[in-house]
Amino acid sequence: MGAISHSEPRVNLSHSVPPFDGAPYLATRLETDLCNVTLLPRAPIHELLDFAFLQSTRNGLQSVLVLDDDSCVSLERNGRIQPGRTQPVDTRIAVHELEPCAEIPGSEEMLERLERLAALWASQVEESPAPDRLKGGRMASPEEIEEFAGRNPEGIPTGLGRCEECGEWTGWCLDPVADGPPALVPVYCRCLNTTCCARCDEPFAERTIHGCWWDEAAGTLRYVPGRLALGHRCADA
């Protein structure tokens, strides 16, 4: 099976979170400009981390556990955990749309925070979502642009290799961005689809969401939107 990993762990980072002061909560990235927010009760940090790690692992998506106005923990798609500082950014949110991996107890205090979160959600401008220009990746550095430039004799980007199990291509690939340097995007083969509902463990889609796959016949990247997770309903719901 292929592997999607390209960066070394770093510390003292700033992690982008929604502009909401109702911590603790878990923000799960569905698109570059969209995340699902799940409010969590005020509980010991080990309990919050247990929930966040299980939820993030089952969803297969990058998430940020916001502990307070300043501190958070980022749970990356490759399983890496990185503590850091919160950096509120103007991003669209969905509220409790992803099923939780465990029951979340309610309280009067939780209800008050939920009302404020719902008000933030309601204040969002109604407009058609723009295509995700980063496609689950990030802006490439000059070093990465040089490292991943070009294609092999078969016309395949140099950062991709065949998966020994399914035969599809996987790895990292440069993707042009209209208004800046190219993005470096992870490319997932069919058997690397681990983006699933945390409650029923069913995949959100046939392929990894908020990620790309290489269409060998067409010689191009195909993006699978993370928004597909919002349409999932468990069979027994």
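These legends walk through several close-up views of a predicted model. Local features are taken where pLDDT is at least 70 and side-chain atom pairs at pLDDT 80 or more, while totals for chains, interfaces and linings use all residues. Residues are numbered from 1 along each chain as its sequence is written, and side-chain values use heavy atoms, leaving out hydrogens and water.

**View 1. An open sheet of seven strands with mixed pairing.** Follow the strands in the order S1-S6-S5-S4-S2-S3-S7. At the edges lie S1 (13-17) and S7 (92-95), each pairing on one side only. Neighbouring strands here are turned by 35° against each other on average, direction ignored. Strands are DSSP runs of E with at least two residues, helices are runs of H or I with at least four, and both are numbered from the N terminus. Two strands pair if DSSP finds at least two bridges between them.

**View 2. Strands S5 and S6 side by side.** S5 (residues 71-75) and S6 (residues 81-88) run antiparallel and are joined by five bridges. One place to look is Leu 75, whose bridge partner in S6 is Ile 81. Strands of a sheet pair through backbone hydrogen bonds, either parallel or antiparallel.

**View 3. Helix H2 packed on the sheet.** H2 (residues 108-122) touches strand S3 (34-39) and S7, where contact means heavy atoms within 4.5 Å. The direction of H2 makes about 135° with that of S7. Axes are lines fitted to C-alpha atoms, for helices over the stretch in contact, and angles run from 0 to 180 degrees between N-to-C directions.

**View 4. Cysteines without a disulfide.** The structure holds zero disulfides, a disulfide being a pair of cysteine sulfur atoms within 2.5 Å. The sulfur of Cys 72 has its closest cysteine sulfur in Cys 35, 12 Å away and so too far for a bond. For Cys 234, the nearest cysteine sulfur is that of Cys 197, at 3.6 Å. Cys 72 is buried at 2% relative accessibility, and Cys 234 is buried at 5%. Buried means under 20% relative accessible area, exposed over 50%, and partly exposed in between (1.4 Å probe, protein chains only).

**View 5. Thr 195 in its loop.** Thr 195 sits between strand S11 (180-187) and strand S12 (211-215), buried at 1% relative accessibility. Its side chain reaches the backbone nitrogen of Ile 209 at 3.3 Å. Not counting residues up to four places away in sequence, Thr 195 touches several residues, including Arg 58, Arg 77 and Phe 204.

Definitions and conventions:
Polar contact = N/O pair within 3.5 Å; in protein donor to acceptor, adjacent residues only side chain to side chain.
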